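Hello,

Here is the structure for you to look through. My notes follow below it.

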Amino acid sequence: MNESLLVDLLTAGLLYGTPLVLAGLGELLAERGGVMNLGVEAMMLMGAVSAFWFVQSFEGPARLAIFLAILVAALVGMAMATLYAFVVITLRANQVVSGLALLILGGAAGLSSYLAAVGELAGPAGRHRLPTYDVLGLSDAPIVGPVIFGQNVLVYASWILVALAAFYLYRTQTGLHLQAVGEDPRSADAMGINVSRYRYGHTIIGGAFAGVAGSYYTLAIQPTWIDGITAGAGWIAIALVITAFWRPGLLLAGAYLFGIVTSLGFTLQARGVDLAPEIFRSLPYVLTILAVVIVSRGGGRGRFKAPAALGEPYSREEA
Amino acid sequence: MTAAGTRTQDQDLHTVSARGITKAFPGVVANDGVDFDADRGEVHALLGENGSGKTTLCKILTGLYRPDAGQVLVGGNPVSFRSPADAYEAGIFMVHQHFSLVSSMTVAENVVLGWHREKRRVFNRRQVEEEVARAAERFDMHVDPRAVVSRLSVGERQRVEILKAFYRGARTLILDEPTSVLTPQEAEQLFVSLRRMASEGESVVFISHKLDEVSALCDRVTVLRQGHVSGSADLRTTSVDARGLARMMVGRDIAFSRRSRSEPVGESEPALELREVSAVDADGTPALREVTLSVRPGEILGVAGVAGNGQVALGEVIAGLRDRTGGDITLRGEPLAPGNPRAASDRGLAYVPEDRIGTGLSPGLTVADNCVLKSYRQRQLGRGPFLVKARILARTQRLLEAFNVKGTADSLVRQLSGGNAQKVLLAREISSEPQVLVVATPTRGLDVSAMESIRSLLLEAAARGAAILMISEDLAEILDLADRIAVISRGRIQGVLDADGADAEQVGILMMGGSLEDAGAVAP
């Protein structure tokens with residue numbers, strides 16, 4: 001493998017992996033508290049469409065437009081997550097069914113496409129895209145230069161967020177409480193931890209992460225609008241959380257692996273490798289199935305287990 | 001001595017006191033003018049039957065209930081708790097029978113859960129582990145702060161709960177029937193720790209209805225009966241024996257039925273025989289490992305063991321509710337096909353499960369419906385395909401009278417007290433005159449009077465010639481009633497002892513997985 005192929009693969013891995021890191025991290029926080037959110041894909045699409053709409057219609061400097069677009073995507077994700085949290089936490093509806101309902105509501109054939117049609121977003125290229133930085137002037141350094149020092153702000157933000165999430169989960173009292181809520185809400189409640197508040201909080205933050213992850217598609221990967229632009233990345237993010245054993249560090253590594261596999265088709269095609277593009281395009285999904293099967297068969301021991309109360313509504317009165 | 005002087009002394013002496021506590025619920029006065037003091041440096045027993053008001057009193061002392069009248073004092077000062085958090089603040093903690101531990105977390109993590117001392121945001125694992133280890137040493141309660149709770153025994157988990165209380169600054173520790181889940185050795189260890197706490201100046205309130213424990217462990221005893229304090233004694237200065245305590249609890253003399261060992265057990269063929277029976281739990285882990293047992297007609301075989309060592313699987317496999325992965329069961333000389341509860345029942349097997357409400361009885365149905373749940377197919381109860389209600393009610397009425405159940409045929413089972421529900425279940429099972437009776441924890445949670453009547457029902461059934469397999473965590477009960485004792489540990493029968501020569505210590509060694517040689521016993 002020559003040097004430039006390696007750089008191409010890593011850069012593309014980062015490009016396609018970053019939304020997986022962001023959405024996966026959000027899902028990880030919610031699941032650590034016991035809430036499984038199958039509506040990630042819908043939240044990403046809604047984030048993508050609202051961010052794109054914003055940059056297309058906002059008159060102002062590019063940086064401000066981009067910043068506000070990301071913020072709007074986060075708020076839209078939070079709004080959807082709040083609705084979802086109300087249904088599954090307060091009303092204690094089945095999480096799988098509610099998640100799928102949310103997906104239909106916001107998904108490729110739902111609200112996101114409708115909004116794109118109303119806003120006439122399809123067609124023109126985005127007016128702004130996420131700028132990349134030349135950190136410390138090192139972006140020209142061999143290999144690591146473009147990969148590590150020449151990325152956009154969301155890539156750096158995702159690294160910081162992964163580190164923060166790991167610290168939060170393992171080293172703070174609040175993180176410990178979140179784990180207790182996901183493992184054994186009854187005991188957590190008995191110890192004076194407000195189960196609903198933790199679940200609401202982390203589900204909503206997870207929604208914000210998913211919204212921002214969606215905006216990454218229309219602001220960085222492909223600044224244009226196509227219905228269903230995220231192409232199932234929300235599902236891959238959910239699978240990633242499982243294969244990463246609900247650990248932020250492993251999630252980051254897994255997301256980049258998936259990012260590289262996703263980009264394999266373009267990268268190799270650009271170099272004249274002649275293989276049916278459908279094979280490459282199906283690779284990430286095949287890898288997802290394989291990874292989940294391997295983890296479910298081999299894992300599940302000791303602390304490498306799903307949160308025990310994952311997907312289960314909690315009520316104080318029920319024994 | 002002046003009034004003020006007395007008051008100062010009070011402050012020094014009492015960690016928590018109740019003065020004239022009254023608490024009524026619809027239809028019942030749970031506490032009626034109760035006075036109670038927990039003093040520094042003492043283990044104080046709170047003794048009483050179920051429904052005597054001990055739990056209500058403790059819930060008031062820990063802020064779960066608010067009293068209708070009366071006053072709770074801490075260190076002599078009146079307080080008014082709004083929630084358990086207020087009671088924690090005042091140093092009063094209760095260890096419930098159901099632990100509040102997250103099993104996938106370590107001991108140290110559990111200890112700090114929900115607790116913000118000094119409003120620390122960052123969790124300093126090493127510091128907490130050291131603090132927990134120090135507290136463990138102080139009270140002689142060995143537990144590894146780094147151990148994951150799911151790997152601890154029940155006794156160790158209880159120690160974690162107690163350490164949690166002291167980590168949060170407990171001065172008064174209330175334990176709700178703490179020994180009901182322990183082996184005799186573990187209970188012994190707990191007593192040592194509780195004595196240590198008392199000698200360090202803490203105060204321990206020990207809720208129990210086991211009389212021998214109270215006289216062995218406690219400095220003082222307060223007895224509750226029907227919401228009143230019916231007696232109290234300082235066991236350091238007066239000697240009150242178990243009989244005297246029982247009289248205070250029940251208001252009359254109680255003589256527990258015991259098996260008289262002179263009754264000969266017939267040499268006939270076993271009525272129930274298990275040969276190398278194995279079974280698994282829902283998650284595939286072994287629940288029973290090659291269990292071999294036999295019970296003859298007229299014999300009570302007690303199965304002793306710490307909860308969760310395969311007892312549930314044992315009962316279910318025999319009753320046909322759970323498939324076995326190996327081995328044979330013979331019921332009255334003929335093999336019993338697995339997974340067919342009705343076949344087992346038709347061939348004279350009665351089963352009283354550990355889970356009474358749910359598996360044994362249907363709480364949303366009436367007493368009458370429950371009484372005929374297994375016999376509704378009998379000709380006498382119906383006409384053609386229809387049931388005749390009058391006949392069902394008549395049979396139920398006879399059962400209620402014969403078994404002395406307080407309740408009517410048309411009341412719902414969920415409205416009955418635990419003791420009466422258990423009597424309905426036993427009435428249904430025993431009245432079918434079974435040849436083989438499998439009972440699990442027959443008297444758990446019952447008060448002394450209900451316990452006594454259920455014990456005599458079992459003895460009568462045995463005298464009539466039924467073979468009884470009694471699975472129980474209450475060792476004293478097994479020693480009292482059984483002819484032979486089989487001890488189960490991790491799904492394996494560790495040994496079978498003759499009840500005549502057996503003592504609690506021997507059985508305890510087997511319960512913890514020891515062998516008959518370790519226990520120094522001779523197999524019968």
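Predicted model: local features only at pLDDT ≥ 70, side-chain atom pairs only at ≥ 80, totals over all residues.

Residues are numbered from 1 along each chain as its sequence is written, while chains are lettered from A and ligands numbered from 1 in the order in which they are written.

Chain A has 13 helices and 0 strands. (Helices are DSSP runs of H or I, at least four residues; strands are runs of E, at least two; numbering starts at the N terminus.) Its C-alpha atoms fill a box of roughly 60 × 45 × 40 Å along the principal axes. Of its 319 residues, 47% count as buried, meaning 20 or more other C-beta atoms, placed from the backbone, within 10 Å of their own.

The two chains touch. Chain B gives 16 residues to the contact and chain A gives 17; residues are in contact if their C-beta atoms, placed from the backbone, lie within 7 Å. On the chain B side, 8 are nonpolar, 5 polar and 3 charged. (Nonpolar: Ala, Val, Leu, Ile, Met, Phe, Trp, Tyr, Cys and Pro; charged: Asp, Glu, Lys and Arg; polar: the others, Gly among them.)

In chain B, the axes of α14 (residues 418–431) and α15 (residues 448–463) come within 10 Å and cross at roughly 10°. That makes α14(B) roughly parallel to α15(B), the term for angles under 35 degrees. Axes are lines fitted to C-alpha atoms, for helices over the stretch in contact, with angles from 0 to 180 degrees between N-to-C directions. Residues in this contact include B:Leu426 of α14(B) and B:Ile454 of α15(B).

Best wishes

Technical notes
Buried ≥ 20, exposed ≤ 12 C-beta atoms within 10 Å, placed from the backbone. Contact = placed C-beta atoms within 7 Å. Parallel < 35°, antiparallel > 145°, perpendicular 65-115°, else oblique.
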